[in-house]
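Here's a quick tour of a predicted model, with a loop, some rings and a pocket as the stops. Have a look at the fold before reading on.

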Amino acid sequence: MTHDPFKYAKLERERRFLVSPTELPGLGEEFVRFEDLYLTGTRLRLRIASEHPGGAVLYRLTQKLQQPEATTRRITTQYLSAPEHAVFAALPGARLVKRRHRVLDDGLDWGVDVFEGALAGLVLAEREFDSDDALRAAAPPSFAACEVTDDVAFTGGALATTPASETLARAQRLLERAPKSD
């Protein structure tokens, strides 16, 4: 009998783009606030997702395993109760907080992440796709400065563990080199 270690995992196909804070599309009052804890010594992320204003709160424990393609990861998520979350939240790790707004651009729904705390000023747009073909066929959002899908520095774990000054300086250099929109 062969054991499939990924029996309960799904593929996540995603592209990420750096957005200049001055080029942000109009963001509504509704968003989901993510409070993440990347658990030290693991590939696990503990998350509180709070819908604003006044919506549901979800607690999740997630593992993402990078695949050979930068756009694809195997993802497994466990939903937790608040008391279960509190047990994991006591573990050491690196924290990251952001607000995710939904923006419709050229018929595609993009998540626009506006970071808080030490990473304030960093804005990324991301979108998941159902197939490799759809991922490759999609145009970048009109408000994006440059694609950072292949740049590990703009993944959640790296954003949480790299000094914010380094990340913000890297983002600024990329924004300065990006073609200017008319």
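Which backbone nitrogen does the side chain of Thr42 reach? That of Leu44, at 3.0 Å; a polar contact here is a pair of N or O atoms within 3.5 Å, where within protein one must be able to donate a hydrogen and the other to accept it, and residues adjacent in sequence count only if both atoms are side-chain atoms.

A bit of housekeeping: this is a predicted model, so local features need pLDDT of at least 70 and side-chain atom pairs count only at pLDDT 80 or more, while totals for chains, interfaces and linings use all residues. Residues are numbered from 1 along each chain as its sequence is written, and side-chain values use heavy atoms, with hydrogens and water left out.

Back to Thr42, which lies in the loop between strand S2 (31-39) and strand S3 (44-52); strands are DSSP runs (E, at least two residues), numbered from the N terminus. At 41% relative accessibility Thr42 counts as partly exposed, the class between buried (under 20% relative accessible area) and exposed (over 50%), with a 1.4 Å probe and protein chains only.

Now the rings. The count comes to 2 aromatic pairs, taking rings of Phe, Tyr and Trp (its six-membered ring) with centres within 6.5 Å; planes under 30 degrees apart are stacked, over 60 edge-to-face and the rest tilted.

| Pair | Centre to centre | Angle between planes | Type |
|---|---|---|---|
| Phe17 and Trp110 | 5.6 Å | 80° | edge-to-face |
| Trp110 and Phe129 | 6.5 Å | 75° | edge-to-face |

Together these ring pairs link Phe17, Trp110 and Phe129 into a cluster. Phe17 sits in strand S1 (residues 10-18) and Trp110 in strand S7 (residues 108-115), so their pair ties together parts 93 residues apart in sequence. Phe129 belongs to strand S8 (residues 123-129), so its pair with Trp110 in strand S7 joins parts 19 residues apart. Phe17 is buried at 2% relative accessibility, and both Trp110 and Phe129 are buried too.

Phe129 also has a charge over its ring: the charged end of Arg127, 4.8 Å from the centre. The rule asks for NZ of Lys or CZ of Arg within 6 Å of the ring centre and within 35 degrees of the ring normal. Arg99 does likewise over Phe31, at 5.9 Å.

Last stop, the largest pocket. Its lining has 41 residues, with Glu12, Arg45, Lys64, Arg73 and Ile75 nearest the centre. A pocket, on a 1 Å grid over the protein atoms alone, is an open set of points where a 1.4 Å probe fits, with protein on both sides within 12 Å along at least five of seven lines; lining residues have an atom within 4 Å of a point.

Technical notes:
Helix = DSSP H or I, 4+ residues; strand = E, 2+ residues; numbered from the N terminus.
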